[in-house]
Each structure stands twice: as structure tokens, then as C-alpha cells.
Amino acid sequence: MYACAAALWIAFSDRLLGSLVRDPATIIQLSAYKGFFFVVVTSGLLYLLLRRSVAIIEAGFAALETKEIERRRHEEERIHAESIIAHTDDAIVTCALDGAVASFNPAAERLFGHRASEIVGRPMAILVPEPQQRRLEAILASITDGERVEHLETELCHRDGSRLPVSVTLSPVRRGPERAVRGVSAIVRDIAARKLTEAALLRSEERHWTTLESILEGCQILDHAWRYVYVNEAAVRHNRRPQAEMLGRTLQEVWPGIEATQVFGLLEAAMKERVPCLEEVEFAFPDGSTGWFDVRVHPIPEGIFVLSVDTSERKRAELALRELNENLERKVEERTVALAAARERAEAADRIKSAFLATMSHELRTPLNSILGFTGIILQGLAGPLTAEQVKQLGMVQTSARHLLDLINDVLDISKIEAGELDVRFAPFDLRAAIERVTSVVLPLATKKGLDVRLEIPDGALAIVSDRRRVEQILLNLLNNAIKFTDRGGVTLAVALEREEGGDTANVGRLARMTVSDTGIGIDAQHLELIFEPFRQVDSGLQRQHEGTGLGLAICRRLVGLLGGTISVASDRGKGSTFTVVLPARS
Ligand code: ADP
């Protein structure tokens with residue numbers, strides 16, 4: 001336009017000037033001005049043109065630079081995306097519209113077991129189990145229509161044929177200026193571990209609920225508005241109501257008037273103060289019956305958890321037991337009084353019996369001594385000569401009378417001992433002399449039976465402190481028994497003085513050990529303890545061969561006890577017996 005205007009100006013300005021001015025000098029002057037004006041205007045126009053051209057060039061350069069930046073940004077983004085795809089833990093698989101695998105990242109290689117080089121170009125369907133392939137086709141079709149499928153949980157195939165539980169997000173891949181869909185990308189996440197955890201969680205939850213349902217404790221959950229949220233089987237039994245009558249309803253609706261009860265106080269404390277509470281409570285049911293429960297209440301985020309144990313049976317048993325105990329105590333008291341009275345009576349009767357025996361024995365001994373005395377006189381012929389038959393008969397009277405006297409003496413002794421009237425008098429004496437005296441008494445009988453009597457006594461005096469008469473009585477009894485129950489062999493009396501084991505050194509502890517052993521009939525083991533009881537004889541039948549009262553050993557044991565010693569027996573049936581008396585010698 002400027003060039004056109006300039007051409008017109010050049011072509012017609014002189015003519016325009018010639019038609020306006022006729023004076024040649026003025027024309028020349030005006031032509032000079034016109035030329036000058038033309039140069040100025042043209043210069044101005046040229047300047048403007050130049051500036052515009054520079055601006056256009058500058059804009060061109062700027063556009064080129066922007067394009068380069070954009071290209072670099074895209075390149076960086078691509079590298080970044082490729083790095084993410086290469087290093088992500090999610091498997092990323094892309095496929096073309098015909099379903100052929102286009103890319104397969106390292107995570108996909110790890111997950112599916114295929115190498116990228118093997119699978120790229122092969123159909124994506126090889127990753128999908130047979131039954132799900134139709135579904136995949138439908139999904140791929142919707143994706144190519146531009147849709148997106150997120151977190152689809154399914155199973156895909158590993159190269160070894162096993163199934164992989166996965167979560168898949170499918171999106172269309174767009175390319176080109178018109179952003180046309182060129183393929184599908186799949187982001188596949190391995191959810192095997194999550195599935196295992198979920199399954200374990202589910203099992204644990206099931207166990208939890210099964211446990212709650214099967215335990216004997218009642219479990220109930222009440223929400224903050226006192227509404228029953230959960231009631232287990234045991235709680236249904238404790239409440240004596242079906243579950244449907246409670247779930248969804250409030251405590252106050254189910255139990256009208258419960259606010260006034262002890263159990264509500266407990267529940268309210270846990271609900272309001274948010275602290276666990278525990279108490280044994282008695283609950284009155286609407287039908288008038290009552291039950292005892294151990295109730296524990298725990299605050300939980302939902303409201304409160306109530307654990308109850310039915311203690312009604314135990315409580316009833318406790319009450320019954322308490323009543324029984326009280327009755328028993330009363331009865332025991334009554335029986336104790338009755339027993340004390342009975343014991344008193346028994347002791348009195350025993351005392352009377354002993355007194356009676358002592359008196360009777362004494363009364364019997366006097367006439368018996370007289371019989372023995374006179375029989376002896378007659379037998380000695382002091383009252384005139386006797387026939388052989390009379391001597392024999394009187395001899396029998398004398399033997400029977402002696403036996404009777406022995407018996408009476410024994411009865412007298414044992415009754416005195418039992419009545420606590422037999423005193424022992426301790427005094428020093430020579431045990432050797434006592435033994436010789438006793439032996440001289442039994443020797444004739446032993447000789448008559450053809451038995452040896454052996455004494456095993458240490459040399460020297462055997463001074464001890466005890467009751468000489470009672471020691472002699474004990475030894476006489478044991479020696480008499482030994483001779484009585486021995487038909488062959490002999491009888492041995494052994495005596496030893498020994499130091500008491502663990503004896504007090506200040507009060508020299510010495511013991512006299514006296515052992516009477518024989519080679520007689522012996523005693524069965526089961527009779528060894530019985531023979532020390534009054535009137536106990538091993539051979540107690542009517543046919544027994546040996547005479548005796550059955551009191552000798554009983555008296556021995558009691559006398560030994562009074563003297564502070566012990567008596568024991570060891571025996572072998574058919575081989576003989578050994579009686580051992582150990583007495584404190586105290587010298
Ligand atoms: P008894 O007057 O009958 O001898 P004891 O009390 O002295 O009464 O003895 C009780 C019983 O012990 C005797 O009847 C006898 O059976 C048994 N017994 C005692 N000593 C001996 C012994 N040395 N050998 C065998 N049995 C004996």
C-alpha cells in the first residue's frame with residue numbers, strides 16, 4: 001500500500017504541482033520542498049516498516065524457542081514416565097487395538113513370569129484365564145470407546161499356569177493431535193498378600209464371633225442411646241428373652257423400671273464415667289423370679305460391653321451350705337455336750353470297774369492264800385499221813401490255787417495300772433542280783449522241760465536306778481513265757497548297759513537293754529502287736545495247750561511305760577521269739 005501510494009505520489013505530484021502553481025521559480029522551490037517532504041515521509045515509512053519486520057522476526061525466534069522448550073519438556077516427561085514404568089512395583093502392560101501386547105514392564109515380567117521380549121506382539125489374552133476371556137473382550141471394547149475401568153479385582157495367569165489374584169486398572173492409550181485411542185494400558189497390582197490378610201482377618205473375625213456365641217458368659221453391647229446392638233446366645237439365656245425382643249430396642253424399653261435397680265447403677269457408671277465396673281448383682285425378672293449374676297461392664301467406643309455369668313446355682317448352693325454349716329455347728333455343739341457327758345459317765349464307770357476289780361482281787365487273795373497255806377501244810381504231812389492218791393489230788397488243788405492267785409495278781413495289777421493307782425518307786429539297785437533272783441525262780445521249770453537257760457551279762461556290777469520289784473516282775477513274765485512256749489532248745493537272757501544315743505551330756509543318758517530270746521513256737525507277724533493287749537492270746541481256743549491269763553505282756557508294756565522305757569518283740573513262727581526291754585538306767 002505504501003509502495004502504491006509512493007508510486008502515485010511520484011507519478012502525479014509534479015503534475016499536481018504544475019496545475020496548482022505557474023511560476024517556475026515557485027515550482028522549483030515547491031519541488032524542493034516536495035522532494036524533502038517525500039524523503040521525510042518515505043524515511044518515516046521505511047522506519048515503521050523496518051520495526052515491524054524486526055518484531056515479526058523476533059516473534060518467529062520466540063516461537064521457535066518455545067517449541068524447543070516444549071519438545072524438551074515432552075522428552076523429559078517421556079524419560080520420567082519410562083523410569084517410573086521401569087521401576088514401579090505395579091505391572092504395566094499395554095496392548096494395541098488388536099489386543100497384541102505392546103509393552104511389558106519389569107514388574108509385569110516378575111508378576112507373570114514372561115519376559116517382555118517373549119510376550120510383546122503376542123495376544124494379551126494369554127494372561128487371562130479361559131473362562132474370563134469373553135469378559136475381557138467386552139471390557140477392552142468399552143476401553144477402546146474411551147471408558148476407563150478402575151480396580152477390577154480378578155485373576156490372571158502366571159506363566160506356570162497358576163492363578164494370580166490381582167487388581168487391574170484399564171485406560172485407553174491416546175496418541176496424535178486428535179488424541180485418538182490407539183490401544184489399552186493395564187496397571188496390574190498383585191493382591192495375593194492382601195487377599196491372604198483379608199482371609200485371615202475374616203477367619204479371625206468368624207472365630208471371634210463363634211467364640212462369643214459359644215461361651216457360657218453372656219455378652220451384650222449397648223450403644224450410647226442404651227440400644228441393644230449385640231446379644232449372644234448365653235445372654236439370651238440369662239435375660240430369659242429371645243434376641244429379637246432386645247436387638248434394636250433400648251434397655252429401658254425391654255426392662256421397664258430398670259433405672260431403679262442395682263444393675264442399672266452399674267451399667268450407668270460404666271456408660272457415663274467410662275470406667276470398667278464389676279459387681280455381683282441380684283436381678284428380679286418381670287415374672288417375679290430372681291437370678292444372681294457376676295456382671296462386668298467395659299466402656300467401648302460403641303457404648304458399653306456387658307459380660308455376665310449366671311451365679312444363681314452357686315449362690316443357692318452357698319446359701320444352702322451356709323444353712324447346713326449353721327445346723328452342723330449347732331449339732332456338733334449338741335453332740336460335743338452329749339459326748340462330754342458320755343465320756344464323763346464312761347470314765348466314772350471305768351473308775352468304778354477298776355475299784356471293783358481291785359477290791360474283789362484283794363478280797364479273793366486272802367481266802368486263796370489261806371487255801372494255799374493249808375494245802376501246803378497238809379501236803380507236808382503236818383496234819384497226818386496222806387495216801388498217794390490224796391497227795392496227787394491235793395497237788396492238783398495247790399496248782400489250781402496257784403494259778404488262780406497268779407490270775408488274781410495280774411488282774412489286780414492291770415486294774416491298778418488302769419486306775420492310775422500303781423506307783424513305781426525309783427531307787428538304785430544291782431541289776432545283776434535282780435537277774436540272778438529271777439533266774440533262780442524259773443530255773444526249776446526250765447530244767448523240768450529239759451531247756452537250757454543262758455545268761456549273757458557283762459562282768460562287774462550293773463548298778464541302775466529303777467523300780468527293782470517291777471523290773472523283776474517284767475523279766476519274770478518274759479522268762480516264764482519263753483519257757484512256757486519252748487519245748488526244745490533253750491532260753492537266753494542278755495543284758496547290756498549302753499549310752500543313750502543323742503543323750504544329754506549333763507545328765508548322762510544310759511540305757512539298760514534286756515533281751516529274752518527263746519527257740520520256741522514263735523509268733524505270727526500279724527499277732528505281734530495284739531499280744532500286748534489285755535486278755536489277748538495267740539492260741540485262745542478251748543483246745544489251747546498253754547496256760548495263761550493273757551495279761552502278762554499287757555502288764556509288762558504298762559510297767560515298762562511307767563518306768564520310762566520301751567518293749568518290743570521280733571519273732572519267727574516255729575523258730576523262736578525275742579522280747580527286748582529298754583529302760584533308762586539313770587546311774
Ligand atoms: P499268757 O498269760 O497267755 O502268756 P501273755 O500276755 O504273757 O499272756 O502273752 C500273750 C500271748 O502272747 C500268749 O498267750 C502267747 O500266745 C504269746 N506269747 C507270749 N510270749 C511268747 C513267747 N515267748 N513265744 C511264743 N508266744 C508267746
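Gln473 is buried in this predicted model, with a relative accessible area of 18%, where buried means under 20% with a 1.4 Å probe and protein chains only. Residues are numbered from 1 along each chain as its sequence is written, and side-chain values use heavy atoms, with hydrogens and water left out. In this predicted model, local features need pLDDT of at least 70 and side-chain atom pairs count only at pLDDT 80 or more, while totals for chains, interfaces and linings use all residues.

Gln473 sits in helix α13, helices being DSSP runs of H or I with at least four residues, numbered from the N terminus. The side chains of Gln473 and Arg470 are joined by a polar contact of 2.6 Å, that is, a pair of N or O atoms within 3.5 Å, one able to donate a hydrogen and the other to accept it. Beyond its neighbours within four places in sequence, Gln473 is in contact with Asp413, Ile555 and Leu559, contact meaning heavy atoms within 4.5 Å.

Turning to helix packing, the axes of α13 and helix α14 (residues 552-562) come within 10 Å and cross at roughly 150 degrees; axes are lines fitted to C-alpha atoms over the stretch in contact, with angles from 0 to 180 degrees between N-to-C directions. Residues making this contact include Arg470, Gln473 and Ile474 of α13 and Ile555, Cys556 and Leu559 of α14.

The buried residues of another helix, α12, pack against α13 (468-484), among other elements. These buried residues include Leu431, Ile435, Val438 and Val442. Just after α12, Gly450 takes a positive phi of about 75 degrees.

Notes: Buried < 20%, exposed > 50% of the residue type's maximum accessible area, 1.4 Å probe, protein only. Helix = DSSP H or I, 4+ residues; strand = E, 2+ residues; numbered from the N terminus.
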